[in-house]
Amino acid sequence: MRSPLVPYESSQKSQIEAAIGPESCEVPTSSFFKSLDGEWDFCFFDSPEHEPDEKTEWQKIKVPLSWTMQGFSSPHYTNIQMPFDCVPPFVPQKNPTGYYKLNVSLPEKWNGRRIVLHIGSAESVAIVYVNGTEAGVSKDTRLPCEFDITDFIKGSSAEIVIKVVRWSDASYVEDQDQWWFGGIHRSVYLYSTEKVFIQDAKALTYIDFSGEEPKGVIPLEVAIATSQAKYKTQTEVDKMQFDVEYKVCRIEGTPSTGIPGKEVASGKIPCSLDVRNTLSLAKKDIVIENPALWTNETPSLYLVTVSLLEKNGRHIESSSFTVGFKSVEIKRRELLFNSKKVYIHGVNRHEHNESNAKTLSTAEMVHDIKTLKKYNFNAVRTCHYPDDERWYELCDRYGIYILDEANIENHAYYDVMSRSEEWLNSYIQRVQRMAIRDKNHACIFGWSLGNESGNGQNHWATAAWLRGYDSTRIVHYEGFVRPQIHQGDFTLDCLANGKQLTDLIAPMYPSIDLIVDYATKRDDWRPLIMCEYSHAMGNANGSLADYWNAIESTQGLQGGFIWDWIDQGIAAYAPEGKLGESKGGKYWKYGGDFEDSPCDYDFCLNGLNFPDQTPKPAMEECRRLFAPVRLKAIHAAQGIFEVKSKAFFVPLDFLSLKWSCLVDGTAKASGEIPLKELLPGKTMHIELPQVCECVLNADSRAEIVFHSDFVYAEQTPWALKGELCSSDEELICTGRTCFADSASCVSTEAEQLALSLAPAVFHAYTENEGIKALYDKVDSDNVPGCFIGKPTKLWMDCALDKSHGVKDSHGVFHIVSEKDGKKFDFGTCSCAIKKAWQEDNSFMEICADFSLNSTVPEYPRIGLEASVSSAFTKAKWYGCGPHECYSDRKYSALKGLYEMDIKDLEVPYIVPQENGLRCGVKYLELSGGGKTLHVQSDTEFSFSLLPYTAQDLYKCHHTSELVDLSKGSEGKWILVIDAAHRGVGTGACGPDTLEQYRVRPGTYKLNLRIW
């Protein structure tokens, strides 16, 4: 393994292309480089015992791209369990195997030179044949393998065959929570060198703070090697003398197109192949005075170019790579970057494309990074394997901290392999190869030893090797702070484990109480940074603001990595249905949809983004919570506020504050203030007399909010000028809201709505409340783990999905259901409806009093439901928004007067479930077809307006199966107005909804005016 260095025929060309970067130079133009990406010949068998012969029919296949996405076998999803039932290290006899074949013409100038085949990654075993002779084997699915194929080549062409076997003993160490595919999914290429060549270059930069000004140190080590060693004596090799010439310059330009800047260092280092005295290394500590430091906010990079020269000055080859100067250390329970504590606003990121599986384009990677930056993330954990080389280069340039994780997870055999010497070599090699490949990247602040594999001597060995190899970064492994045996729950005691092994206390999905208790009640030198938390499965990420309130107020807590970035759904299409039938169209498949058994169903759908990289509403919580700026009221009614910089290294010159004073959602005053003088961690005092005037002039019943949008004052590499960075608000005074609340005559639609309202206590269960594919497996003798500790089973036992209101002779609704002949009574709803007048205007007045009993310990919702005509196409509301929000996920849903197309209120989670709620509402208006419908209340309510019933959302497994009720001349929307609605929580993996966001039995009220 080596850093991904490309040999060039000149130092200038090497320097220019390395500076440009992968976004603008995806394929090197070096004459010593040849891409093999494209169309290969392919044949497929169900066992590695079969081999192609003269009768074999070869087909065409795209490289890189997993064969499972090209019609050969199919994807298979598991989380913990293995996809087959064998005893390690054995695998099934039926084992999908593909042969890739390509006849390659070699450049004439490569004659007599060394030739190396590079395979970016293949799942899971790659066996290489050149001109019919086996050239080597690799068993690491997520890292490159290279083969010196020089001796197998005769003439100016070669037939390269790569045999890829889907299952192997390596599969047991790659049991991550993701799809199993098969085939080659990263780029394949050849490169050529002379017989003596640059084997590798290592530059673990650090900062020397000992003087008045910091100095950047590049401890450069260039390894040279020869392919002639087997033909020479050691004495002959020892006499081979060379020079390594180095040049260091700043990279200028942009992240997408860098250019070499001013040269800051250069020189020559004499070297030889005398391995006994020099290890064949050319070594030099290159000192840069007062360097520009690398952080996520200031991703300053330097370009190092190394050239191998003969003693007579003849140029052999050149390669270039980027480095950055940063320090990473831990002091006083704080992770420090360049001596400053930085909160980790992180996320776990799988490599995934909805159509191409693990094969991502550079543009898709850049899209991810720009989205991360726009939503104010600063860190990524490469769960649970090293990523494509381009990802690190892009993160170097745009500024993302990376926790680089080894391709190790043996979840199904937790503890077993980490404690078995038979697997030690596999562990060591995976960690070594990751660190050796990625060592020079500025973005990497720490190494992770893998995921969910237990705690054993194999991990201890890898940690020891890493600390010897690289002292500039931290080492992390979550398993070191688990109980000593098995994957038990985290406790205060076990979090104290591993002090000599892991530099972070990094639990998964801990409760807020646990992490606060550990930070406040236990002594430890290590910070607590959650490696996984806030499980983003479907409609989720409840209480993210509660986590961050605890983190920012408790010394020793420093953030974490949300699980995870993208839903691992696979795009599919269903025929469009007729009116009243399933709607069809595009949808996403998940575990079980490919007849993959055993599987873990939709547990691969945990992303903050949909599979097409579209952000979900929970991303807005991240945007505000992770923002580099906050607003605070000093005396809101007088227009006195404080703006605080939450940036760590740079002034907020790039932001501007656009403010408005909203009176019942309408801006009565507004302005813009640049933040050029606001330094990191400092505050800015602002006084706005216009706000005071608004307060004095407003109706006494009005609700007044100071709203602030922090927008980009200039274009950045990830955002345009004027784009939103974050928003804040301060409530100046709570009011009744002063919308016109009556009409001269109640419309027919208003009267119909009022009279058709009926109680609703059911919502389509979210994925946090249970995995839908297991609903029919829940009974008294079997409760799958995803239902334990949640109310869902009780709701199902009581047929809450069939609950409805039965009106008695007094007009009181009794909320009941029935299952298997057994009847259930959940309580009553007394709903008084009358036509009322105010002066000369009239409206329908609804007073709903709910009394819910303890037939179930809590309820999904308490509200009123009815259908309205789909002739209404627009919704306007005063409340929280504009995006979907719930009681425990509305920190980013600020008060305002919003308007949207009704069809856009839905959030189409891959597994149909409760969605589309808007909270904190006092006024709702529907319009379309020349008609308008109004709903108003003096107290806040929530509403959803969807083209599906809750029961349809409950029973369907994919969005394509839903029946769109809004279509046709008799089309309708389902309107639900809630007095209370259960928070979404993170219960799919982690704490369920917190108590303050649950809906317990008791009395609730809804008072509405409709006209």
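Helix α4 (residues 362-374) and helix α5 (residues 389-398) pack at an angle of about 40 degrees, and their axes lie 10 Å apart. Helices here are DSSP runs of H or I with at least four residues, strands are runs of E with at least two, and both are numbered from the N terminus. The axes are lines fitted to C-alpha atoms, for helices over the stretch in contact, and angles run from 0 to 180 degrees between N-to-C directions. This is a predicted model, in which local features need pLDDT of at least 70 and side-chain atom pairs count only at pLDDT 80 or more, while totals for chains, interfaces and linings use all residues. Residues are numbered from 1 along each chain as its sequence is written, and side-chain values use heavy atoms, with hydrogens and water left out.

On the α4 side, Thr362, Met365, Val366, Asp368, Ile369, Lys370, Leu372 and Lys373 meet Arg390, Trp391, Leu394, Cys395 and Tyr398 of α5, where contact means heavy atoms within 4.5 Å. The residues of this contact between α4 and α5 divide into eight nonpolar, one polar and four charged. In this grouping Ala, Val, Leu, Ile, Met, Phe, Trp, Tyr, Cys and Pro count as nonpolar, Asp, Glu, Lys and Arg as charged, and the others, Gly among them, as polar.

| Helix pair | Axes come within | Crossing angle |
|---|---|---|
| α9 (residues 512-521) and α10 (residues 544-553) | 10 Å | roughly 5 degrees |
| α10 and α11 | 10 Å | roughly 20 degrees |

Helices α9 and α10 are therefore roughly parallel to each other, and α10 and α11 are roughly parallel as well; angles under 35 degrees count as roughly parallel, over 145 as roughly antiparallel, 65 to 115 as roughly perpendicular and the rest as oblique. In the pair of α9 with α10, Ile512, Ile515 and Val516 of α9 meet Asp546, Tyr547 and Ala550 of α10. By class, this contact of α9 with α10 has five nonpolar, no polar and one charged residues. Helix α10 passes α11 in a right-handed crossing. Leu544, Ala545, Trp548 and Glu552 of α10 make the contact with Glu621, Cys622 and Leu625 of α11. The residues in the contact of α10 with α11 divide into five nonpolar, no polar and two charged.

Tyrosine 547 has its place in helix α10 and is buried, with a relative accessible area of 3%. Buried means under 20% relative accessible area, exposed over 50% and partly exposed in between, with a 1.4 Å probe and protein chains only. When its neighbours within four places in sequence are left aside, tyrosine 547 is in contact with Pro510, Ser511, Ile512, Ile515, Met530, Tyr533 and Pro991. Helix α11 is mostly covered, since eight of its eight residues are buried. These buried residues of α11 pack against α4, α10, β34 (557-562), β37, β43 (724-733) and β51 (894-901).

Aromatic rings also pair with each other. Rings of Phe, Tyr and Trp (its six-membered ring) pair if their centres lie within 6.5 Å, and planes under 30 degrees apart count as stacked, over 60 as edge-to-face and the rest as tilted. By this rule the count comes to 47 aromatic pairs. The rings of tyrosine 477 and phenylalanine 480 have centres 5.0 Å apart and planes at 80 degrees, so this pair is edge-to-face. The rings of tryptophan 548 and phenylalanine 626, with centres 5.3 Å apart and planes at 65 degrees, also form an edge-to-face pair. Tryptophan 548 lies in helix α10 and phenylalanine 626 in the loop between α11 (618-625) and β37 (629-635), so the pair ties together parts that are 78 residues apart in sequence. Tryptophan 548 and phenylalanine 626 are both buried.

Some details concern the backbone. The peptide bond from proline 88 to proline 89 is cis, with omega near 5 degrees, and proline 89 is found in the loop between β4 (76-78) and β5 (97-105). Asparagine 376 has a positive phi of about 70 degrees although it is not a glycine; asparagine 376 is placed in the loop between α4 and β28 and is buried, with a relative accessible area of 9%.

Note on methods: Left-handed = near helix turned anticlockwise from the far one by under 90°.
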